[in-house]
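Dear colleague,

Please find below the structure that I am handing over to you.

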Amino acid sequence: MNVALAIILVFLLLAIYLGIRARRGKDMDLEQWAVGGRGFGTIFVFLLLAGEIYTTFTFLGGSGWAYGEGGPAFYILSYGSLAYVISYWLLPAIWRYGREKRLHSQADFFASKYESRSLGVLVSIVAVVAMVPSYLVLQLKGLGLIVSVASYGAISSNVAITIGAAAVTLYVMISGIRGSAWTAVIKDIMVLSVAVFLGIYFPLKLYGGMGEMFHRIQQHDPGFLALPHTGYNVVWFVSTVLLTALGFYMWPHTFGSIFSAREARVFRRNAVYLPLYQLILLFVFLVGFAAILAVPGLKGDQVDLALLRLSKSSFDPWLVGLIGAAGLLTALVPGSMLLMTSATILSKNVYRAFVPSASEERVNRLAKALVPVVALVAWYFTINSGKTIVILLLLGYSFVTQLFPSLISSLLPNNFVNKWGAAAGIIVGVAIVTYATVGGLGTGDLLPFLPPALADINNGVVALVANAIVTVGVSLATRPFVARSSAPTT
Amino acid sequence: MRPLYLLALVPFIGILGGIFFANRIEPFVLGMPFILFWIVLWVVLTSVVMAIIYRLDPQNREEER
């Protein structure tokens with residue numbers, strides 16, 4: 001066994017140990033398992049929110065984008081800030097309602113606000129499709145990539161994926177969200193130190209400094225560091241940043257972390273710290289930029305390997321092992337949240353919608369029993385999926401963003417949107433997004449009458465606008481009917 | 001809606017509006033191309049703006065449970 005592999009294994013065992021120990025005498029009913037008994041303070045909520053945000057995709061994809069696209073990568077650093085600004089008001093509102101109604105999932109939230117179990121089922125389907133075949137698969141795929149490269153091929157990607165999936169399943173079943181929170185502690189320490197170290201070391205070692213590095217890139221490929229005139233241009237940047245900032249907290253697994261907070265102030269405090277924490281991304285970018293002239297020629301999917309390739313060609317195995325361990329943890333933490341959330345939703349919001357008489361105890365047992373099932377499905381997709389994975393991730397993000405209009409309107413003091421409007425809007429939005437993404441159509445293709453200056457708007461904006469119009473229109477049209485068939489609610 | 005909350009619009013203007021003027025490589029600032037410097041600056045300023053809002057918001061003084 002080589003040194004790198006041994007180090008990765010040590011961290012895997014440490015994560016499993018912390019994940020299991022997190023249970024510590026707690027009786028794991030759904031309340032403890034899914035939302036940590038609503039008792040987490042600022043630090044745990046910070047770690048959970050940051051844990052879900054800084055994933056394998058950030059680690060590999062962030063450096064990969066800087067390497068392959070240059071300037072457009074900076075959007076990744078921008079949308080979080082605006083999302084955190086919104087979070088100052090959005091998260092306390094969601095949290096307060098969740099505590100009052102004892103909610104455990106995002107689908108619970110919709111079902112309760114719109115008084116419709118069927119809407120809860122629709123939201124569950126959108127959520128699970130967005131999470132399992134795309135986001136969770138991406139984490140596992142990244143995990144396999146990192147471990148196989150960092151172990152110098154001693155462990156194949158598929159073996160790593162299998163071990164990783166089994167480890168997450170184990171501690172999620174035992175400790176639920178507490179397991180995720182505790183493994184997030186070690187993950188954040190590792191990622192922070194590895195990213196900062198690499199981001200400072202490479203520009204200094206290879207170019208003599210960051211400024212020197214950027215000048216060399218500018219000479220090598222003038223204009224690469226800014227946004228281009230077409231494609232990923234300024235219009236694309238603004239629309240994508242805005243869209244992503246709105247969709248940021250629509251991820252179903254984020255709701256679990258919102259409900260786990262002890263008080264509303266936790267979120268307001270985190271809205272101050274989380275923007276700064278994003279600067280980790282700056283260091284990740286620097287690694288990607290440093291790789292441009294040091295390991296040239298990576299194309300397509302290969303750009304995601306920039307960070308790992310550069311590290312392997314520069315460091316001793318023990319350091320590569322530490323980098324691999326950090327990468328492993330960036331996959332485990334969000335992976336565990338995704339797994340737990342999917343299982344909770346399937347049990348509480350789908351199974352129970354069809355079997356309303358099911359007891360709390362039964363729903364709780366089923367949720368835990370579904371963890372290995374969901375893990376197995378994700379494992380199967382990971383082992384068997386090809387390049388379509390990028391399309392799946394784009395789809396996932398666009399899917400959850402479609403929940404934004406009806407979620408926001410449900411928080412208004414006088415919500416005029418009803419369940420019909422909410423459902424119709426979500427379905428139309430999801431349909432447009434699927435059509436555009438699968439067909440590779442941009443805004444200019446969808447709406448050919450738009451002036452060319454707007455053709456590069458992110459196509460998700462088209463879906464979101466259509467969704468909002470349908471949501472409002474259908475709500476107004478069905479209003480007389482709904483008012484007659486059900487008692488008005490306050 | 002407190003007037004204080006209007007401060008929250010500042011990061012949106014800085015990042016989304018500012019990018020139209022900041023999409024340039026030169027001058028390099030602190031070793032970074034201008035566009036990167038501009039975004040990093042606004043990430044830090046967002047944190048500052050939210051800290052001001054947090055401090056002045058009376059909601060955060062009462063213990064809310």
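**Chain B**

Among contacts in chain B between residues at least 6 apart in sequence, 48% join residues at least 24 apart; two residues are in contact if their C-beta atoms, placed from the backbone, lie within 7 Å. Please note that this is a predicted model, in which local features need pLDDT of at least 70 and side-chain atom pairs count only at pLDDT 80 or more, while totals for chains, interfaces and linings use all residues. Residues are numbered from 1 along each chain as its sequence is written, and chains are lettered from A and ligands numbered from 1 in the order in which they are written.

Chain B has 3 helices and 0 strands, where helices (H or I, at least four residues) and strands (E, at least two) are DSSP runs numbered from the N terminus. Its elements follow the order α-α-α from the N terminus on. The radius of gyration of chain B is 15 Å, whereas a compact globule of 65 residues would have one near 11 Å; this radius is taken over C-alpha atoms, and the globule rule is 2.2 Å times the number of residues to the power 0.38. Along the principal axes, the C-alpha atoms of chain B fill a box of roughly 50 × 20 × 15 Å. Of its 65 residues, 31% count as buried (a residue is buried if 20 or more other C-beta atoms lie within 10 Å of its own, exposed if 12 or fewer, and partly exposed in between, with C-beta atoms placed from the backbone).

**Chain A**

Chain A contains 23 helices and 0 strands. Its radius of gyration is 22 Å, close to the 23 Å that the globule rule gives for 490 residues, so chain A is as compact as a globular protein of that length. In chain A, 58% of the 490 residues count as buried. Of the contacts in chain A between residues at least 6 apart in sequence, 84% join residues at least 24 apart.

**Helix 7 of chain A**

A:E115 lies in the loop between helix 6 (106-113) and helix 7 of chain A. A:E115 is exposed, because 11 other C-beta atoms lie within 10 Å. In helix 7 of chain A, 30 of the 34 residues are buried. A kink of about 35° lies at A:M131, shortly before the proline A:P133; the bend at a residue is the angle between axes fitted to the seven residues ending there and the seven starting there. Just after helix 7, A:Y152 takes a positive phi of about 55°.

Yours sincerely
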